[in-house]
Amino acid sequence: MGEHSVVAIQDEYAEDFAWCYGCGRLNENGHQFRTAWHGEETITLYEPKKEHTAIPGYVYGGLIASLVDCHGTGSASLALHRKNGFEPGSGETPPRFVTASLHVDYLKPTPQGIMLKAVGKIEEIHPKKFKVNTEVYAGDTLCATGEVTAVVMPASFAK
């Protein structure tokens, strides 16, 4: 997935819900993570910026957690959108999810200057709740794993 070569689920979020610092397309200061299908798995590619440094040469762990978090909610949105009979680019607004839980295990230091790839596997655990297991790679190196439980955003969040 190139940076803008496919329609990501975040490209389809309603404007009121497209401001997340991690994945909001309308947040010009945010990361703007983009999640799409890659076969039956999901994928988000992201190249950390220089300011995402923990110590020289390595990525700050908070960025990895944010990547896992937004990849998880985006993956859940993809899954429910597909279950509802739609794909990104179909013109239908996808469901928006919020994080119920986030767990990240850091396996190896994540080097700077390498494209990160988050790969997700989705499990439906309730009609409005999904679990997404994510692996984060820097090149071919598995640097972190994570699990997100995502729930459909309550209607009360809407303006």
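Me: Hi! In what order do the 6 strands of the open sheet come?
Reply: The order is 1-2-4-5-6-3, with antiparallel pairing. Strands here are DSSP runs of E with at least two residues, and helices are runs of H or I with at least four, numbered from the N terminus. Two strands pair if DSSP finds at least two bridges between them. This is a predicted model: local features need pLDDT of at least 70, side-chain atom pairs count only at pLDDT 80 or more, and totals for chains, interfaces and linings use all residues. Residues are numbered from 1 along each chain as its sequence is written, and side-chain values use heavy atoms, leaving out hydrogens and water.

Me: Which are the edge strands?
Reply: Strand 1 (35–38) and strand 3 (97–106), each pairing on one side only.

Me: And how many bridges join strand 3 to strand 6?
Reply: There are 9, and the two strands run antiparallel. As one example, Thr99 has Ala150 in strand 6 as its bridge partner.

Me: What packs on the sheet?
Reply: Helix 1 (residues 61–83) does, touching strands including strand 1 and strand 3. Touching means contact, with heavy atoms within 4.5 Å.

Me: New topic: where is Arg96?
Reply: Arg96 sits in the loop between helix 1 and strand 3.

Me: Is Arg96 buried or exposed?
Reply: Arg96 is buried, and has no salt bridge. Buried means under 20% relative accessible area, exposed over 50%, and partly exposed in between (1.4 Å probe, protein chains only). A salt bridge needs a side-chain nitrogen of Lys or Arg within 4 Å of a carboxyl oxygen of Asp or Glu.

Me: What does the side chain of Arg96 reach, then?
Reply: The backbone oxygen of Phe17, at 3.0 Å. Leaving aside neighbours within four places in sequence, residues in contact with Arg96 include Tyr13, Cys20 and Val151.

Me: How many salt bridges does the structure hold?
Reply: The structure holds 6. In one of them, Asp11 pairs with Arg34, with the closest N and O atoms 2.5 Å apart. Both residues lie in the segment before strand 1, so the pair ties together parts that are 23 residues apart in sequence. Asp11 is partly exposed at 28%, while Arg34 is buried at 8%.

Me: Which residue meets Glu41 in a salt bridge?
Reply: Lys121, at 3.1 Å from N to O. Glu41 is in strand 2 and Lys121 in strand 4, so this pair ties together parts 80 residues apart in sequence.

Me: Which residues are linked in a network of salt bridges?
Reply: Glu40, Arg82 and Glu87 are linked that way.

Conventions
Axes are lines fitted to C-alpha atoms, for helices over the stretch in contact, and angles run from 0 to 180 degrees between N-to-C directions. Lys and Arg count as positive and Asp and Glu as negative; His and the chain ends are not counted. A polar contact is a pair of N or O atoms within 3.5 Å; within protein, one must be able to donate a hydrogen and the other to accept it, and residues adjacent in sequence count only if both atoms are side-chain atoms.
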